[in-house]
Amino acid sequence: MDEPYCETPGPAPAGEQPAGDGPFAECVLCRAPTEYPESVKGSTLCPVCEWQEAQRTACSG
Ligand SMILES: [Zn+2]
């Protein structure tokens, strides 16, 4: 009886997962992977470019 007490952390329990595991659409501006699946229609922006676009549109009224 010399089992170690600590349990080995297994893989994360299936349940809440991020939006999916790809493939993700590329950002149309910098080609970084976005949070959106490739099936999304239209231009997809990564969080950074999305934020920058938001700033621009906010300024250009
Ligand atoms: Zn981008």
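Beyond its neighbours within four places in sequence, Leu29 is in contact with Leu45 and Cys49. Contact here means that the C-beta atoms of two residues, placed from the backbone, lie within 7 Å. Leu29 and Cys49 sit 20 residues apart in sequence, and their C-alpha atoms are 7.1 Å apart in space.

A word on the source. This is a predicted model: local features need pLDDT of at least 70, side-chain atom pairs count only at pLDDT 80 or more, and totals for chains, interfaces and linings use all residues. Residues are numbered from 1 along each chain as its sequence is written.

Now the layout. The protein has 1 helix and 2 strands. Along the sequence, the pattern is β-β-α. Helices (H or I, at least four residues) and strands (E, at least two) are DSSP runs, numbered from the N terminus.

Next, the strands. Strand β1 covers residues 24-26, and strand β2 covers residues 33-37. They pair in the antiparallel sense over 2 bridges. Pairing requires that DSSP finds at least two bridges between the strands. Glu26 stands opposite Pro33 in β2.

β1 and β2 form a hairpin, with 6 residues between them. Leu29 is in that loop between β1 and β2. What is the phi of Arg31? It is positive, about 65°, although Arg31 is not a glycine. Most residues other than glycine have a negative phi.

How open are these loop residues? Let me give the cut-offs. A residue is buried if 20 or more other C-beta atoms lie within 10 Å of its own, exposed if 12 or fewer, and partly exposed in between; C-beta atoms are placed from the backbone. Arg31 has 10 C-beta neighbours inside 10 Å, so it counts as exposed. Leu29 has 15 other C-beta atoms within 10 Å, so Leu29 is partly exposed.

On to the helix. Helix α1 runs over residues 47-59, which is 13 residues. The expected span is 1.5 Å times one less than the number of residues. That gives 18 Å, and the end C-alpha atoms are 18 Å apart, which agrees. Of the 13 residues, the number buried is 0, so α1 lies largely in the open.

Pro47 is in helix α1. Pro47 is exposed, because it has 11 other C-beta atoms within 10 Å.

Last, the whole protein. Of its 61 residues, 8% count as buried. Among contacts between residues at least 6 apart in sequence, 0% join residues at least 24 apart.
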